[in-house]
Amino acid sequence: MGDYKFAKDKLAEALSGLTDYEVFAPAAVGDVLRFKVVEDPASVSLDYDNTTVPPKELMFPQTETLFKYRLGQTDIEPTVPDASAKRAVVGIRPCDALAYTIVDNLYGWDFPDPYYQQRREATTLVGLACSDPCANCFCPSVGGAPASEKGLDALIFDLGDAYYVKTLTDKGEEFAKAAGLEAAGDAEAKAAAKQGEEALGKVQRSIDTAGIPEHLPELYDDKFWEQFSDRCLSCGICTFLCPTCHCFDIQDESEGFDSRRARMWDTCMFAEYTRHTSGHNPRPTRKERTRNRISHKYSYFPEKFDVIACVGCGRCINNCPVNIDIVDILEKSKQAGAKEAKTA
Ligand code: SF4
Ligand code: SF4
């Protein structure tokens, strides 16, 4: 596809050209950085590490109405989003774009989910390559990279005074034209490739995932899990801030006769998540819930969809209030698995 560039002080101008799109970019909301609709292009800055809240909420909102109805009547009013209403997400990090490609498996599996899929189809993903990965990033261990193109329509590189934009799909080309970007040359493309290589060398953490999906089930009843779960607070932060976590609950709500069925984020780290109406809970303690979180990402999901459901963004490590560290758990699970194999 194409190579483009624009001067850094022309960012607002480029965003202003996207009149056919609803544009999302990182914005500070209190102490939290998350993607918001751009109201004022001049307020947008692409000078950030990564958003606190991943952009999964743009495809799978924290709370969303599935349909409306009136009590006592049989008609329903579906609220499926309009796939022709174009959206552009500008500045998404490569790990978060990769996360969409993983979650796509679930929402297109036994029942294609029109709410998620319509938004995906309507959205152009314009990435921002990482030049300085965070201390807990481990994206190369799980199929990513600081300048990974997977799942993106275009990728922006910050080259100092200017941005270089590499378009990767027709949607990306359309974005570049609408934003009025100028053509870039070989020099910018080479500088971007060099930056990507250097950033890869700066990733500090890693985990060799070979064998993990197979050996985690062997640790199902192992005491191994308690060394981490004992200090877990069941706060759910690790899952709510994870770009690949996708658990939800469905509830009906009424105000008078006006009613709606809504879907909202839930987390397998809450005791209520698996509590049955009978009162029985198959995951009664934090041990079972921690085991499920890790096993779902690194064993059950790969078994079903042939891909690990983690992109190594490091958010669960950075934000866990008691420093539970997924890389550490995985590393220790390998040692525990090796011990089990020896005693078997
Ligand atoms: S963020 Fe930490 S304390 Fe909170 S549920 Fe996750 S592992 Fe437990
Ligand atoms: S499990 Fe942790 S490191 Fe992996 S994608 Fe989720 S938040 Fe990021």
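This is a predicted model: local features need pLDDT of at least 70, side-chain atom pairs count only at pLDDT 80 or more; totals for chains, interfaces and linings use all residues.
Q: Which domains does the assignment give for the protein chain?
A: Start with the residue ranges. Domain 1 covers 3-202 and domain 2 covers 212-343. Their centres, taken over C-alpha atoms, are separated by 26 Å.

Q: How many residues does each domain bring to the contact?
A: Look at each side in turn. Domain 1 gives 33 residues and domain 2 gives 27 residues. On the domain 1 side, β4 (63-70) and α2 (94-107) each supply at least two residues. That side of domain 1 holds 18 nonpolar, ten polar and five charged residues.

Q: Which strands pair with β4?
A: Now the case. β4 pairs with β12 (residues 258-265) in the antiparallel sense, over seven bridges. There, phenylalanine 67 has arginine 261 of β12 as its bridge partner. β4 also runs antiparallel to β5 (residues 76-78), with three bridges. In this pairing, lysine 68 meets its bridge partner glutamate 77 of β5.

Q: Where in the hairpin of β4 and β5 is there a positive phi?
A: Check the residues between the strands. There are five of them in this hairpin, and glycine 72 takes a positive phi near 90°.

Q: Which residues surround ligand 1, and how do they divide by class?
A: List the shell, then sort it. Around ligand 1 are residues including Cys232, Cys235, Cys238 and Cys320. The shell has ten nonpolar, two polar and no charged residues.

Conventions: Residues are numbered from 1 along each chain as its sequence is written. Chains are lettered from A and ligands numbered from 1 in the order in which they are written. Domain bounds come from an automatic or database domain assignment. Two residues are in contact if their C-beta atoms, placed from the backbone, lie within 7 Å. Helices (H or I, at least four residues) and strands (E, at least two) are DSSP runs, numbered from the N terminus. Ala, Val, Leu, Ile, Met, Phe, Trp, Tyr, Cys and Pro count as nonpolar, Asp, Glu, Lys and Arg as charged, and the others, Gly among them, as polar. A residue is near a molecule or strand if its C-beta atom, placed from the backbone, lies within 6 Å of it. Two strands pair if DSSP finds at least two bridges between them.
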